[in-house]
Amino acid sequence: MRQPIRDQLGEAGQSAVQLFFNDLGWGPLPTGKHDLGTDLFVQVRDADLTDLGMLLGVQVKTGDSWFREVTTQDGRPGWWFRESALGHESYWVNHHIPHILVMQDQSRTRQVWARLNRASVKRTAQGLRVFVPADQTVNAGVAPLWATIAAEAREGHSFEGARWSFEISDVDQDEWPRYALLASRIVAPHPNRGVGDRLDWPQAVALCVQANPMAWAEVAENRPEIPTVADARVSEDPGWRFAAAIHAWVSGSTSELEKLNESTLPKPLQVATAVCVAAILADRDDWPAATDVLRQVRRENESSADQAWVAVQLGWALFEQGRIDDARVQFEASLAMHGAFSSSLTNSAIRSAGILWLFDMAPAFTGDLASAAQASDTTLSWWNTQQVEDALNDYLRRAFKRWAHDASISIGASDSTHNNLFSADLASRLAGNRRASRYARYLRAMAGLSLPGAHAGPEDQLELLRRSGYPDQLKLALRHFRDVGPLSIVVRYMTEVTLRNATTTSLRADLKSLSIAGSYSSEDSARAWIDYLLGVLYESTEFTSRFNIESAIDWDVLDALSGLRLHMGEPHISQVLDYALSLDEDSTQLLERPLHRLLGTPETRGSAAVRDRTSEIVRRGMNVSPTSWIRTLLLNIAADHDGGAREDVSQRILRGDLTGLPSGFRIESMSSEEARSVVVACSERILAYTGETNRITVGELDSYLLLAQVAVFGPAEVAATAWEPLIAGIAEHDAIHNRKTDAIDFLAAHNAEIPRGCLPTLLAASKEISDAPASDLTLLFARHLQPVGPAFARLRLALSDATGAEWWDVEVARLLSGSSDERCAAVKVISDRGGHALLLLALTRDADSDVSGLAVSALATLSAKDERVAETTVPELLKLMENGGEDVALHIGGGLLGVKGAVDQVQSLIDGLRGHESLRIRSLTNVFDG
């Protein structure tokens, strides 16, 4: 079937005009098959091609027939353009984007234009006509005039002072639901102006969306003519019934809105109710049900503002279910409808949401950035930003008052941080603006977690971060509760992190949650995730399509699986091993860390899944390049069971390559030859630290600590040779100090092994360096670098013979009153010396978790040695274990483990560890068996 010649001309003509605007440097955006009076929306740019944030609509007509009706108007020759569809008059004249007509002949040698506005578009008995002057030719010289037309139109859309002057009664009643929900900031009575003569139901709804439902009750109490919430619930006016249901929703009850009988409502309220109910269902992660609700009010053949609104909401619901193509159809349909009705505050916001959705769904680097930027710049988005700014200002004021210890109370003050962010989130969600909604939810969660008096529990704030898709912030918060407690928060939160609840937005946050706290997942949930993610490693097409993923996902999947490792059985470990064996030797090294967490632990290396396949693992490892991380990983896994793999580890050590030592590698297992190579390699690195440097290093192997371990635990004939370079490096004042901290702590803990001839050098260095202030760089990188002074102070105290002398007490007191690093050193000194149980008990409440953790460990050790101490301290340690996170349990277990023949009183601590909420903690308690 041949395409009609008129259609061919139209498409060719539109392409020609599009090419002209491209050559001009402007950004033409075709409207596609949805021709409602606009063929192109053109992004206006200046002479430097800077996007001006304005659009120009273009209607293109191509063919010789358009030039048949010659005329002259006011002495200007030209042609009459005629259009039979009267609806185009309202469309062109009332559109918020100015339009021009471009008319060209079939050969495109004659191109002229005319503005389409109230002055130029005239009605006739047969339809519309527009005069197109012959002297208005299409050329680059007209660009400044077109830019002026676009600018004048934009200036006409000013809403300054709208919160004071806006009246909902000036808006068509069919638009009231959209205005009340999406533009609540101007519909709600201004807080400084009051209600005025009357309060209509849209204003009541707007007050609720503004997170101020009490204002309605207060007004109704003093104004009998205004329905109370109870009266509105049974009102004959469907608008008031809708308002009552919205009031219940924002107050915490969703049942009224879900039970609202839509058949008794006008069509605009039916749509508004469906959008709100869909949001409720989305909050339950029930996106299929949300889709069904929206489908019931979606009319595919109807082009209206309400249908454009429903289409955006439906697209969002489909997107979260991974139905990306179906979602795109809805967003495109929503945009196409906007030509059928005039623009308004709310319609502009809905249109912008559709544009932003299509941009976010486009393949990487292919989305129209300029169009997305234009869509982000609407009046409602500006008000939303202002509301978020108000919330942040209030948050900063409250944070400052906490810092300044201001105990004053603001009588009757509401939580404006929460209210503003709640309102910004709700309005954005209802408009279909996923970006703005995500950001407001992220800020709500951050404020709720960090400020007292939150409106929801911490697990609910974590859930906000998950649903809004902020994995990095979620990782920090979830790790805090896992490590510090209370663990009940983690347990409750992880009940929501299920495969069923995963959405396109939340997926990466779900995977991060599993990585951090996968051991807290229920057995059923964990197995579902494990089976699904293992399948993704081998066939990811459905997965990447379902969650709209374009970048490589293997690292995220393996990282999540590593958090679920304690739920894995031997078949699962075998599947991970299959994946590792299938990797090419040039595979990204980013996979090494999660694979090591899965396969490189002593427990996994000793499993039947690894033991039974040792020869296969070794064969694959030996066939990989000696420099490949995959070879190191595989042979380290098999080293416990295969002499060849262990020999490969040995050869690496002999070459001075110490970065790939197996996890849990014991210095005592080294041969003399291997130990000598370690001494040489570490000595060379330590010598390099004394050269020209920036005085800090981050990462790399800890050469000082490894050399110290060889000196204490290595073969006797080699250990003696390790002391000289170790002591010289530690005593070197100009060397990089932060590298020495762990080694100095190690020597303080094993001070009895230090040769007497080394003591004077260490004492002199510890006195000189421990009194030196921390460098600026150490302070700058405080989270990564530990100042060496406190460690040297501990070493000096450990080496001192003045047991109980005044000098010892004064030095410990100085450390206890110092920084967190100094307090850590003080706890270690007290632990080395023994005693001081009550002081250690007090330090278990230190604000710094490192200090309190060390105190817990020292107190557990002291309790295991002394019955009288245990009577007082064990009940306190049990309380800490009950209310704390994994860190407290690990410190208690570590403190008990170092004591042989522990007193009976600490058995309750061991029982507490065996029954701990953390599967990880419970899995470690087998060390106490026997």
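Modeller: Helices α12 and α13 run roughly antiparallel to each other, a label given to angles over 145 degrees, while angles under 35 count as roughly parallel, 65 to 115 as roughly perpendicular and the rest as oblique. This is a predicted model, in which local features need pLDDT of at least 70 and side-chain atom pairs count only at pLDDT 80 or more, while totals for chains, interfaces and linings use all residues. Residues are numbered from 1 along each chain as its sequence is written, and side-chain values use heavy atoms, with hydrogens and water left out.

Two packed helices are described by the angle between their axes and the distance between the axes. For α12 (residues 267–283) and α13, the axes come within 8 Å and cross at roughly 175°. Axes here are lines fitted to C-alpha atoms, for helices over the stretch in contact, and angles run from 0 to 180 degrees between N-to-C directions. The helices themselves are DSSP runs (H or I, at least four residues), as strands are (E, at least two), numbered from the N terminus.

On the α12 side, the residues that meet α13 are Ala 274, Val 275, Val 277, Ala 278, Leu 281 and Ala 282. Their counterparts in α13 are Trp 287, Ala 289, Ala 290, Val 293 and Leu 294. Contact means heavy atoms within 4.5 Å. Sorted by class, this α12–α13 contact has 11 nonpolar residues, no polar and no charged ones. The classes put Ala, Val, Leu, Ile, Met, Phe, Trp, Tyr, Cys and Pro under nonpolar, Asp, Glu, Lys and Arg under charged, and the others, Gly among them, under polar.

Next comes the other partner of α13. The axes of α13 (residues 287–295) and α14 (residues 305–320) come within 9 Å and cross at roughly 155°. That angle makes α13 roughly antiparallel to α14. The crossing of α13 past α14 is left-handed; a crossing is left-handed if the near helix is turned anticlockwise from the far one by less than a right angle, and right-handed if clockwise. From α13, Trp 287, Thr 291, Leu 294 and Arg 295 take part. From α14 come Val 310, Gln 313, Leu 314, Trp 316, Ala 317, Leu 318 and Glu 320. By class, the contact of α13 with α14 has 7 nonpolar, 2 polar and 2 charged residues.

Gly 315 lies in α14. With a relative accessible area of 0%, Gly 315 is buried; buried means under 20%, exposed over 50%, and partly exposed in between (1.4 Å probe, protein chains only). Leaving out residues up to four places away in sequence, Gly 315 touches Ala 327, Gln 330 and Phe 331.

Gln 330 belongs to helix α15 (residues 324–337). Its relative accessibility is 5%, so Gln 330 counts as buried. Beyond four places in sequence, Gln 330 touches Arg 295, Arg 298, Glu 300, Ala 311, Leu 314, Gly 315 and Leu 318.

As for the setting, the chain has 49 helices and 9 strands. Of its 930 residues, 53% count as buried. Of the contacts between residues at least 6 apart in sequence, 65% join residues at least 24 apart.

Elsewhere, Ala 638 in helix α33 (residues 629–638) is buried at 0% relative accessibility. Apart from neighbours within four places, Ala 638 is in contact with Thr 614, Ile 617, Val 618 and Ala 645. The C-alpha atoms of Ala 638 and Ile 617 are 6.7 Å apart, at a spacing of 21 residues along the chain.

Some backbone values remain. Asp 74, in the loop between β4 (70–73) and β5 (76–83), has phi near 50°, positive in a residue other than glycine. Asp 74 counts as exposed at 83% relative accessibility. Asn 548, in the loop between α26 (541–546) and α27 (554–563), has a positive phi of about 55° and is partly exposed at 25%. The peptide bond from Gly 485 to Pro 486 is cis, with omega near -5°, and Pro 486 is in the loop between α22 (471–484) and α23 (487–494).
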